[in-house]
Amino acid sequence: MASGTIGAFVVLRAAHRTPSGRGTRRRKRGEALSRFRPPSPHPSGARPPAIPRDLVPRHVALVMDGNGRWAKQRGKPRTFGHEQGESSLFDVIEGAIELGVKTVSAYAFSTENWRRSPDEVRWLMGFNRDVIHRRRDELSAMGVRIRWAGRRPKLWRSVLKELLVAEEMSRNNDVITLQFCVNYGGRAEITDAAAAIARDAVAGRINPDKLTEKTFAKYLYNPGLPDVDLFLRCSGEQRTSNFLAWQATYAELVFMDVLWPDFDRRHLWRACEMYASRDRRYGGAIPNPVVETEPTG
């Protein structure tokens, strides 16, 4: 794919503070996992870090970058790198399940990717279609719910069909949500939301003077998903590239100097450890302690 991958198991620490709350939380998660096939272990035998449950990011945005450079280093066409990136994505998904991440958004094809050569665009469209078709049963067996985010115009109908079929067949899965972002752009999503709000305002269904951020968010492609906690990009590039611009406003940014085909769940786990170590204040701050000194003289 043009960009991503995730996975891992962790000791759970419930968000509820009462003993009954902790037990309910663990029981529900255990029941959800028991209905589905567990993730395959990593070939190295690596196990996920024991990050406290409340410090595991709920939503990881994944920019899968570096496929073309990886292929160029090996004297291969760019498409060879995209092919190799498929296994990286699915290893990462298995690792995300192990760790307890609830949502992964994979940047598979952006609204700007249409600027690439016609041959590469055709290849990527066909590849995305085939990957979704080929992998949907495997993903569903692990309890993955598939969602699509993006614009319909220009998107191949065969790709859209596979995405919608995968959405429908996995709609009752609740282990993790995988949001495939195909023909997606952050500014495009915000523009589409604004246009929908304008139409509702003209029709009298909404009062523009009472528009809030919460109301605006309901017009996004998948408004039920949580905001991004961890924004992860590989390949050494350090930019967000128009990905989930609204949802990632308060995301922790982690950039890794690893090309996507070399990326696996261990890199995801390392990024989640970095996330867990950060102090997230959302604009707030704790007053500094003031040490009063005795006047001299």
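Helices, of at least four residues, and strands, of at least two, are DSSP runs numbered from the N terminus. In this predicted model, the protein holds eight helices and six strands. Read from the N terminus, their order is α-β-α-α-β-α-β-α-β-α-α-β-β-α.

Of the 297 residues, 49% count as buried. The accessible surface comes to about 15,500 Å², and carbon and sulfur atoms account for 50% of that area. Among contacts between residues at least 6 apart in sequence, 82% join residues at least 24 apart.

The largest nonpolar core has 53 residues, and those touching the most other members are Leu89, Val144, Phe180, Val182 and Leu232. Beyond its neighbours within four places in sequence, Leu232 is in contact with residues including Val60, Leu62, Val254, Phe263, Leu268 and Ala271. A second, separate core of twelve residues has Ala149, Cys181, Val228 and Phe231 among its members. In soluble globular proteins, nonpolar side chains tend to be buried together.

Helix H8 covers residues 265–276. At 1.5 Å a residue, its twelve residues should span 16 Å, and the end C-alpha atoms are 16 Å apart, which agrees. The buried residues of H8 are Arg265, Leu268, Trp269, Ala271, Cys272 and Tyr275. Seen down the axis of H8, these buried residues fall within an arc of 160°, so they line one face of the helix. The elements below are among those that cover them.

| Element | Residues |
|---|---|
| Strand S1 | 59–63 |
| Helix H3 | 78–99 |
| Strand S5 | 230–233 |
| Strand S6 | 252–255 |

How values were computed
Residues numbered from 1 in each chain as written. Predicted model: local features only at pLDDT ≥ 70, side-chain atom pairs only at ≥ 80, totals over all residues. Heavy atoms only, no water. Expected span 1.5 Å × (residues − 1). Buried < 20%, exposed > 50% of the residue type's maximum accessible area, 1.4 Å probe, protein only. Arc of directions from axis to C-beta. Contact = heavy atoms within 4.5 Å. Areas by Shrake-Rupley, 256 points an atom, 1.4 Å probe, with all protein chains shown as cover. Core = buried A, V, L, I, M, F, W, Y, C linked by side-chain atoms within 4.5 Å.
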